[in-house]
Amino acid sequence: MAPGGGSAAARVSDPSGGPVGAGIGRLTGQAARCSGRLQGGWALLPLVGADGLLRAARAAGYAVGAFSVHTPEMVDAVFAAAEARGAPVLLQVGQRAIRHAGLQETASWVIARAARSPVPAALHLDHSRSWDQVVRALRAGCTSVMFDGSDLPFADNVAATAAVVRLAHAAGVPAEGEVGRVGGVEDDPSEDALAARLASVEQAVRFVQDTGVDSLAPAVGNVHGLSDRIPRLDLGRLRVIGEAVAVPLVLHGGSGLDEAQIRAAVAAGVAKVNVDTELRHAFLSALRVAVNGPDHADDPYPALAEARRAVAELAQRRIDTFGSAGRA
Ligand SMILES: [Zn+2]
């Protein structure tokens, strides 16, 4: 106890001259009145939880774009696209970015850019298979995490995902799980193999109940990556799963899908669509053209700006397809 009694905190004044407690009271009252958003639409914190964004999307029948980012230019491009379209947005840090750029580094680019953006944005850890990595992601500031136990037998996937959900919830962060197995184009699955890894409705219901996930990524014929063949979604199955579970659904492999299938998936309950491969393609195609131009012998920034613009244009088109424009 400080000499003279009373806690030190009680004597500290805020800049307006009142005690700190009164200042906090005014702040929280202000935040409550404007639903957590300050004057001019600015959020109190740079990032929001993904659960609120996805529940609002599912209720209103649109999807939030979840764009994987690999460089600071891609982060800026995704924010620029969301701001241009007035859309809520998710930025994803995936295993490739973690291997090459680092989890903490990628998260810090996103948080810094989010701090000067008026659109609600969440930072999502994509396809983690490691408890330690989820812990690191929470510490880095992720406001959404996905545990991918789709390689495991169903019961083990449930147990591992449930543990991650409890961990994430302890940090106030929502979690996504995968049931069935989405897989990638590199697997080149046959029709039979693809059918064998679809999520059943019964599995989807049990998985949500037993894990407590906030969103569910069911394998419904979607495939990661881009190939010559457009994957065919089992939209009937997706619709039945959407009716059977209350949580928002997540569609992985958004890059390889046509607009008609994406719109049908959103109508069936998909509230988050993951886009990765086609953003990397857009970035690299634009970069390739720009670096071969005449003016970029010693300055990397003009070429990176072209790559950024290509990613922003693509992300805007996807936001329009998902129906999230004007929902920020
Ligand atoms: Zn995925």
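Strand E4 (residues 144-147) is covered on both faces: Ser144 and Met146 on one side, and Val145 and Phe147 on the other, are all buried. Buried here means that 20 or more other C-beta atoms, placed from the backbone, lie within 10 Å of the residue's own. In a regular strand the side chains alternate between the two faces of the sheet. This is a predicted model, in which local features need pLDDT of at least 70, side-chain atom pairs count only at pLDDT 80 or more, and totals for chains, interfaces and linings use all residues. Residues are numbered from 1 along each chain as its sequence is written.

**Neighbours of E4**

- E4 and strand E3 (residues 121-128) pair in the parallel sense over 3 bridges; strands pair if DSSP finds at least two bridges between them.
- Ser144 in E4 is the bridge partner of His124.
- From E3 the chain passes through helix H7 (residues 131-140) to E4 in a right-handed β-α-β crossover, that is, clockwise from the first strand over the helix to the second with the strands pointing away from the viewer.
- E4 also runs parallel to strand E5 (residues 175-179), joined to it by 3 bridges.
- Gly177 in E5 is the bridge partner of Phe147.
- The β-α-β crossover from E4 to E5 goes through helix H8 (residues 154-170) and is right-handed.

**Whole chain**

- The chain has 14 helices and 8 strands, taken as DSSP runs (helices H or I, at least four residues; strands E, at least two) and numbered from the N terminus.
- Of its 328 residues, 45% count as buried.
- Among contacts between residues at least 6 apart in sequence, 69% join residues at least 24 apart, a contact being two C-beta atoms, placed from the backbone, within 7 Å.

Definitions and conventions
Buried ≥ 20, exposed ≤ 12 C-beta atoms within 10 Å, placed from the backbone.
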